[in-house]
Amino acid sequence: MPVSGWIVVDDFYCKGCELCIEACPEDVLELDMDRLTPKGYHPVKMIEETCTGCGICAIVCPDAAITVYREKPVKQARR
Amino acid sequence: MVSTTAEVVYQRPESFTDVHTHYCPGCTHGIAHRLIAEVIDEMGLREKTIGVAPVGCSVFAYKYFKMDFVEAPHGRAPAMATGIKRVLPENTVFTYQGDGDLASIGMAEIMHAAARGENITVIFINNAIYGMTGGQMAPTTLPGMKTTSSPFGRDVELTGHPIRMAEILAIMDGSGYIVRRSLHNAANIRKSKKAIRLAFEAQERGLGFSMVELLSSCPTNWKISVRDSMEFIADKMIPVFPLGDYKVSPSLEGLKV
Ligand SMILES: Cc1ncc(C[n+]2csc(CCOP(=O)(O)OP(=O)(O)O)c2C)c(N)n1
């Protein structure tokens, strides 16, 4: 099973610069043309479920607007 | 079926305030700020760090970092940092300066701070232009590059050649760690962060003056898109300002960060 991840973009910080869209190896990011941030930018959103949680979008983000999560298997407690 | 939990891979550094920066979309000042905040978090230095902000686009840097900060007159950040570090040697002191600030009006201060071997860290943002004042030619402007004060392209016969600060500061006996990195893509941003970490490690070890020069973008004043500005750094700036380690104190060699 491929590792699956997701991101949460904070509209308060995102300026729609598109650096993350450019950098994303899975091409799962796009500007959300239906929404505006409080500062008047179109924020970034995830458009596919194939995010691996690699974090490259966050590494290139000039506004620290992205939180990256990854699914991690839980180890079963030994009985 | 394996059950899973959510693991945080990346989140906003603790050393950042909850403030929206005034930088233009895609400006790499934000990336440089973030890397500094991440390094300070990782090294646990926040409570004892004092930053010195410059004049330039990053004049409000003190609003964005959750730590002590002072604002220096244009170009004088290394002089101010010198005073702070000498009075408070236990604190970590860094300056954050643009190329107009550091290599033009502040040339004397940076040269002498390095020559004196002041135990401070300098983060130098080289975007080849004066950003804040509307895109005038800087000492680092590339030959032939158009700016508002060189509208036909920089003529080196008339206005001289770009100044390579990392190379110059590396020959100073007082410097301990001098490198040049770039912020144009993820791989180079990772390397830049390592360099910033080593620069702060150098200061913690008392190895003298440390500087990380970061090739940066200014899409607004270069008058190109954010994407093209990253290509401009890779294709046009790096050939004039080669990336590399210009001086690494032997005490830092082999240090894993
Ligand atoms: C004593 C003084 N001289 C000139 C200025 C005008 N001034 C403000 S910022 C700046 C240059 C900024 O360029 P740089 O340091 O490259 O920073 P950037 O804005 O590109 O980040 C100048 C000349 C000033 N504020 N004070």
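Modeller: Buried area is the accessible area that two parts lose on being put together, found with a 1.4 Å probe and summed over both. Here, chain A and chain B bury about 2,700 Å² between them. This is a predicted model, where local features need pLDDT of at least 70 and side-chain atom pairs pLDDT 80 or more, while totals for chains, interfaces and linings use all residues. Residues are numbered from 1 along each chain, chains are lettered from A in the order written, and side-chain values use heavy atoms, without hydrogens or water.

Biologist: Thanks! What makes up the area buried between chain A and chain B?

Modeller: Carbon and sulfur atoms give 61% of that area. On the chain A side, Tyr13(A), Lys15(A) and Ile59(A) supply 21% of what chain A buries against chain B, more than any other three residues.

Biologist: How many residues does the contact take from chain A and from chain B?

Modeller: Chain A gives 29 residues and chain B gives 34, with contact meaning heavy atoms within 4.5 Å.

Biologist: Why is the meeting of Glu22(A) and Arg227(B) called a salt bridge?

Modeller: The term asks for a side-chain nitrogen of Lys or Arg within 4 Å of a carboxyl oxygen of Asp or Glu. The side chains of Glu22(A) and Arg227(B) meet at 3.4 Å, N to O, so the pair qualifies as a salt bridge. The count between chain A and chain B is one salt bridge.

Biologist: Which elements of chain A each supply at least two residues of the side that touches chain B?

Modeller: They are α1 (19-23), α2 (56-60) and β4 (66-73); helices are DSSP runs of H or I with at least four residues, and strands are E runs with at least two. β4(A) gives the most, with eight residues.

Biologist: How do you know that β4(A) and strand β1 of chain B pair?

Modeller: Two strands pair if DSSP finds at least two bridges between them. β4(A) and β1(B), residues 4-10, have six bridges in the antiparallel sense, so they count as paired. Among the bridge partners, Glu71(A) goes with Ala6(B), and Pro73(A) with Thr4(B).

Biologist: What order do the three strands of the open sheet have?

Modeller: The order is β1(A)-β4(A)-β1(B), with antiparallel pairing. β1 (5-9) of chain A and β1 of chain B are the edge strands, each pairing on one side only.
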